[in-house]
Each structure stands twice: as structure tokens, then as C-alpha cells.
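Hello,

I am handing over a structure that is new to you, and my notes on what I found follow it. Please have a look at the sequence and the model first, then read on.

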2 protein chains.
Amino acid sequence: MYVRKTRLLTPGPTPLLPEAIRAMAAADLHHRTKQFRDVYRGVIKDLHYFMGTQNGIALFASSGSGAMEAAVSNLFSPGEEVIVCAAGKFGERWEQITTAYGLRPVVVRKPYGEAVHPEDLETSLRRHPLAKGVFLQATETSTGISHDLQTMGPLVAETGAIMVVDAITGLGSSVIDIDGWGLDVVIGGSQKALMIPPGLSFCSVSARAASRFDTATCPNFYFNLRKHIEAGPRGDSPWTPASSLILGMGAVLRHIRGIGRERLIENAQLLARATRDAATELGLQLFAKNAIPAGAVTAIRAPEGLSSTQIVQAFKQGFGSVVANGQGSMKGRIFRLAHLGYFDFHDLFGTIAELEVILQSLGHEVELGRGVRAAQSVFVDARAASASGSQS
Amino acid sequence: MYVRKTRLLTPGPTPLLPEAIRAMAAADLHHRTKQFRDVYRGVIKDLHYFMGTQNGIALFASSGSGAMEAAVSNLFSPGEEVIVCAAGKFGERWEQITTAYGLRPVVVRKPYGEAVHPEDLETSLRRHPLAKGVFLQATETSTGISHDLQTMGPLVAETGAIMVVDAITGLGSSVIDIDGWGLDVVIGGSQKALMIPPGLSFCSVSARAASRFDTATCPNFYFNLRKHIEAGPRGDSPWTPASSLILGMGAVLRHIRGIGRERLIENAQLLARATRDAATELGLQLFAKNAIPAGAVTAIRAPEGLSSTQIVQAFKQGFGSVVANGQGSMKGRIFRLAHLGYFDFHDLFGTIAELEVILQSLGHEVELGRGVRAAQSVFVDARAASASGSQS
């Protein structure tokens, strides 16, 4: 027998920041008090910093799907044509939500592991000049690919459509210039780079999108964007806020201000790169194909003859590590290692070492330590680059 | 200087159960694991016990207003006529939600402090035989009155309307026989008798109500009732659950099973009675008029010449106690003391003693200790009755 600590290596929920755990424990605070309003106002202010936008921000007591629904129910009317870029399970969720509200989604679909490219979107926008919106993911968590928002945002901004980005795993793990790239609605969640449990979602809304509040006719109540955007800066919320999570989020956002949001993104990107190098060194194939790999999560194919379900189970049983399997039709075929939020190189070294032991015990030939060495090299190089950068 | 502990004496959020605080601290648990599914399944099962119903239960990551919206968006179609019983701020919320979804609410309105009586509802049902639903509160938190669900439920059950009850503060503080009285939808929230922070809501749905899932045409996605009701018993949720709060709720529901849900209700009712006796003994007027007073919360009028805002501030500044002011037009006129959840007689004795000191210092003549004595008498009598009951 040996000690096996349970560790979340999943792309949400992610490991909790200790300061946030302490803050959430002090949750016996009434939400209609000056003390709590000050916290809430600070959270809204710091969310602007974290997201890097001047746009209004709505914060909901819900998981991320709730903010996704808000973007649909507040900004569109039944019967309107919209473009959905679907490159995985979360892209499909945009199809479901837009359909539930009676919109007419035109789907630009890509196989799992690939991305919708700017040219694909450009073609669709040309074919559907009346489309009122474009929906996509910054990072498709189910496959580990990123979309090229920097190119796609301006394409949409030239049309009458508004750009709605599910950045639930993209925020804090990749550079997203909301205002510079014209991203009208950008959506995040608490249990991702924000290092606290699930239960809060939020989204930024551009003035261009907000101008639809008065004309969009889909019904909404709980997820009303205008009410939330107006109340937040006063420290208020239209309905009861999830106060313990708000306290935790306050602690995390102070932490992120302290280290700098660019550093948090670099951290994820670096861990992602080290993971890709280690996997390649171990003879494994990355799942992302013809696409920018995500900083949030890396999807790796199970080697020929092995199921990723075996690998995921061996992580749990052998080491207590919780690794994500593929979702939907990818279950058994890929496994996913996360990098967004409160992850460090120590976590990654241990994870890769576990993976090597697992692969060997499942009969896949691997030289123990070889993947770890690849990850270590990324760390050593990055530290050297950072040291020379700070000396210059 | 002296120590002033911050204490929530408000009708939500309420004081946290220590076991729940400990459970929530262990929140680094992934929600798609057997371990979490077992917890989730147990929570759904124990919610059936807590609510006392065989009906399906949906559990949402949202505050209570979300489950209220679910009842509207899943069971009704635009243009349908419904009856809303509005006897305070939360009754008015039913008007807002039904209007947001394009229903046609017929409002049976009562002044703050009064209840809608069964005869009022009977008249309205007769005048509006095509009404598809009746919406009301079990306990109107803004005024401290209860509705007579035992009489009203069967009245509605005889018609084509379904009965939708906001029991967010009613559950666990008053006897509600969901199945026996034919209450089709009954809604609760986490930060009330369930002793954890806000962020979870839930509702039971009768087969009669569920038969509308296929025909109701209001749109919904995040708050889809059928998906939530079907997933829960498997330990699943359609979207990411608010896992730390679920862990807390699991601990609370085990606690309630341990003491018995009837005991929890008796506790609130007894504290409410003791509060009414103490207030009356101090020459104060209760706000509830011609209505069953709520077990959840007692609303008390500020004495002639005093504002309840002064009283609420004096509680906070002098003692650290957080007492609820009136809401809306009642602000400054009433203050509200809560009894639902994790409150005991020690809390109440202290609160009444504080109130006496406050009233005296604000110039309202009161004999110190007189109100406390009235509350003590209720405790002593109840203990004697319980002892003789358990001996017989």
C-alpha cells in the first residue's frame, strides 16, 4: 500500500487555489451588505482586468452553459439565421441552444481534432449575408484545438453578425484580445483558469451586441444580460449571487492581478508545449490536426491497440490522478491533460512519469524518464529565456 | 471595545451547518467520477426525503429564481392565461417571469402583510376557467405570511391548471404535503432551511405537470426540467454541477435525515412562535395580518416614530447581527427575524436581548428581559411537552 493523493488533471474542474479555499470557508456573509457589495464590485472590476476588456460584464450563478444561453436569449430573435462553427462537443452545444430558441443555425462542421479555419468562416459569411451571429469556441475542450479568433473576429465585425465566443477554457490559457479583435460576447466559467469550483459563469458584451437588447425577442429572465451588466458595478446582482463562490473568485482574481494575467497564460502555454513534446517523445500522437493546439488542454491519442479508457483508469487506480477521457465518440480513443489555472511543472513532471509507467505496464514500449526529460527541457529553456529576458 | 461576531439572522442566506462547511472545503472533486455520482445520487434521494415527495426532482446550479423560471419555461406556452397570487415581493416576481415568457397573468393581489385566501383563489379560478396554471409562494419572505396550501392545492387540482409553489423559504420551515395536497411544482433553494450558501435551486414536478413537457412551447435550455429530472437519479447533471455546494448539500441532508425533517420544521415553528410572543410582550406589532404567520421568518413593525432602518443598523453596529429590513416599499417600516435552518433558541434569546437594548437606546420604553422571558417560556413549555410526549 502507498499514499495516492487524488489530483484533478482535468480541464475543469481544475485544482483549487488555497487562498480561494480559505475565502470560500468564510461564506457566512449576507449578499445585501456593504461588505459583500465591496467584494462583488471588486470581482467585476478584476474580471475586466482578467478578460482584458472595457465591455460590460454579466456574472451569473450558473455553470458555463447558462452564460451561453444568455448570449442566445438576449441578442437574437426566433427565425434568425446564425452561423455555428462546430468542431467538437461544445460546438454542438451551440447548435442545441440556438435550435432550442428557434434560431436557424447554419453549421460549419469539422471532424473532431480539426478546427474551423478563417477561410471556412469567410465562405459561410459570404453565403449567408443575413446571418445575425457567429457562434464558436475559443478553445474546443473536447479535442484540444484553438480557433484563430484574431483573424475570425475582424471578418465577422465587417458584417451585420455579432461574434459570440465560448472562451470557458480559453480565458486565462490563451491570448484573447476581446476589444482589439472585435469579439462581441466572450464567455467564461469559474472552474477553469479561475481555480475555484463550478457554479459561476460570466460574459463580456460589446456595445454593438448590447444595442440588440431592445429589439431581440427571444424570452429571458434569470439570464437577463442588461440587468446583470448594470447591477454589477454597483456591487449588486438581480438575483441572489452564489456568495461563497464569489468570495473564492475574489481571492483568485487578486492572485491573478498579483502574478499578471499574461503570466497565467504563459504558464498554461508552456505546460501545453511541454506536454506535447513529452507525448511526441514517447511515440504518442497528438489529436489536434491542422489546427492551433490549445493552451488549456492537450488531447493525446491512445497508442494503437490500447484504449484511452484503460489509460484513464490506470491513472486513477495506480496514482489517484483524475485524467479526462475523450467525450462522446472520442471516448476510448483519446485522453486529455489540462494546463489551465493552478497547474505547475511539478504537476506535469509527475503526470508524465505516471503516464510512462502506465504505458509500460499496458505493454506499450517506452523508455522510462524519456517523456519527463522532454518536459524538463522545456522548463529549463523557459527559465533561461526568462532569466536572460529579465537581465536585459 | 468588545467582540462582535457577525451573525446572519436573515431569511437567506442562513447560518451554515459546520459539517457542510467541512464538506465544501473538500471541493476538489471531479463531477464525472463514480465518487461524485454517488454523492449526487444521494443528494437527489435525500431531497425526496426532505421534500417528502415521490415526484421527480430537478436540481440546478442557480439561485432560486432560476428554478422559478424553469417552471414557467418548461410547462407553459406563450399566450396562455395563468393566475398569479401576489402578496409581496416574491409574488411580484411570478408576474415578471410569466410576463417575460409571454403568458397572460391574471393577478390576485393583496397588500403587503396579508395573504391570498382560498376563497380569493376559488373566485379567480371560477372567473378564469381556462387558466393553465396558478403561481404563488408557500411563505412570502418579504412579509412573513404563509399561504394555505392544504386548502388551495385541491382547489387547483380540480381544474386544468397546475399549481406552482415557490417554497424557497417554506420548505423545512412549514409542513408542505406535496403529494397529498396535489402541489404540482414545488421550488426550493440552498441558502434557506438547507443551511448552505446560495447557488443551488431545485423543484419537484408531478406527473401531471410533466405531461406538458412535450406540448409546452416556451423555449428553454439550461433550465430544462426533463433532462435534469432524468439525469439526477443516475448521479448525473446535464451541465456542470456546482460541485462544492452539492457536497455541502449532501452533508446537510444527512444531518436532516438524522434529526428528522419534522423536527427541523418544528424547530422553525417554535422559534417563530417564541419570536411573536417576545415581540408582542415588548409592545411591538406583528406585520402579518389576517394570515397564517410563516415559520420561516417573522416580520415586525418598527414602533411608532422609529424607522426599521435604524433598528437594523443598530443590530449591525452594536452587536454585529445582520437582521433583514423590509423590502421595497416596506423598507424602514418592518424588520424581519429568520428561523429556518440552522437557528436555535440560544440565537433567539440573544437576538431578543439585543432588540430590547436597541429599542431602549432609541427611546422606545421597554422593560429589559421581558421579551427574553416570553421566548424562554415557549422553550420551557416545549421542552416539557416533548418530555411528557416521549415518556407516554
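Let me begin with S237(A), which lies in the loop between α8 (225-231) and α9 (243-259) of chain A. Helices here are DSSP runs of H or I with at least four residues, strands are runs of E with at least two, and both are numbered from the N terminus. S237(A) is buried, with a relative accessible area of 7%; buried means under 20% relative accessible area, exposed over 50%, and partly exposed in between, using a 1.4 Å probe and protein chains only. Leaving aside residues up to four places away in sequence, S237(A) touches R32(A), Y40(A) and A231(A), where contact means heavy atoms within 4.5 Å. S237(A) and A278(A) are 41 residues apart along the chain, and their C-alpha atoms are separated by 45 Å.

Before going further, a word on conventions. This is a predicted model, in which local features need pLDDT of at least 70 and side-chain atom pairs count only at pLDDT 80 or more, while totals for chains, interfaces and linings use all residues. Residues are numbered from 1 along each chain as its sequence is written, chains are lettered from A and ligands numbered from 1 in the order in which they are written, and side-chain values use heavy atoms, with hydrogens and water left out.

Now to the two chains. How is chain A superposed on chain B? A rotation of 180° with 0.0 Å of shift along its axis does it, with an RMSD of 0.0 Å. The two copies are thus related as by a two-fold rotation axis. The superposition is by least squares on the C-alpha atoms of residues with pLDDT of at least 70 in both copies. The same surface serves both copies, as 100% of the contact residues of chain A recur in chain B. Of the residues of chain A, S62(A) comes closest to the rotation axis, with its C-alpha at 2.4 Å.

S63(A) sits in the loop between β2 (56-61) and α3 of chain A. With 1% relative accessibility, S63(A) counts as buried. Not counting residues up to four places away in sequence, S63(A) touches S201(A) and also A61(B), Y222(B), W239(B) and T240(B).

Next comes helix α3 (residues 64-75) of chain A. At 1.5 Å a residue, its 12 residues should span 16 Å, and the end C-alpha atoms are 17 Å apart, which agrees. The expected span is 1.5 Å times one less than the number of residues in the helix. Is α3(A) enclosed or open? 12 of the 12 residues of α3(A) are buried, so the helix is largely enclosed by the rest of the structure. Among them are G64(A), M68(A), E69(A) and L75(A).

- α3(A) and helix α4 (residues 89-100) of chain A pack at an angle of about 50°, with their axes 10 Å apart. Axes are lines fitted to C-alpha atoms, for helices over the stretch in contact, and angles run from 0 to 180 degrees between N-to-C directions. α3(A) and α4(A) are therefore oblique to each other; angles under 35 degrees count as roughly parallel, over 145 as roughly antiparallel, 65 to 115 as roughly perpendicular and the rest as oblique. The contact is made by S65(A), M68(A), E69(A) and V72(A) of α3(A) with F90(A), R93(A), W94(A), I97(A) and T98(A) of α4(A).
- Helix α11 (residues 308-319) and helix α12 (residues 345-361), both of chain A, pack at about 110° with axes 10 Å apart. That makes α11(A) roughly perpendicular to α12(A). On the α11(A) side, I311(A), A314(A), F315(A) and F319(A) take part, and they meet residues of α12(A) including T351(A) and L355(A).
- In chain B, the axes of helix α1 (residues 18-25) and helix α9 (residues 243-259) come within 8 Å and cross at roughly 150°. That makes α1(B) roughly antiparallel to α9(B).

Finally, some backbone details. Most residues other than glycine have a negative phi, and most peptide bonds are trans. M195(A) has a positive phi of about 65° although it is not a glycine, and M195(A) is buried with a relative accessible area of 1%. M195(B) also has a positive phi of about 65°. A cis peptide bond joins G12(A) and P13(A), with omega about 0°, and the bond from G12(B) to P13(B) is cis too, with omega near -5°.

Enjoy exploring the model!
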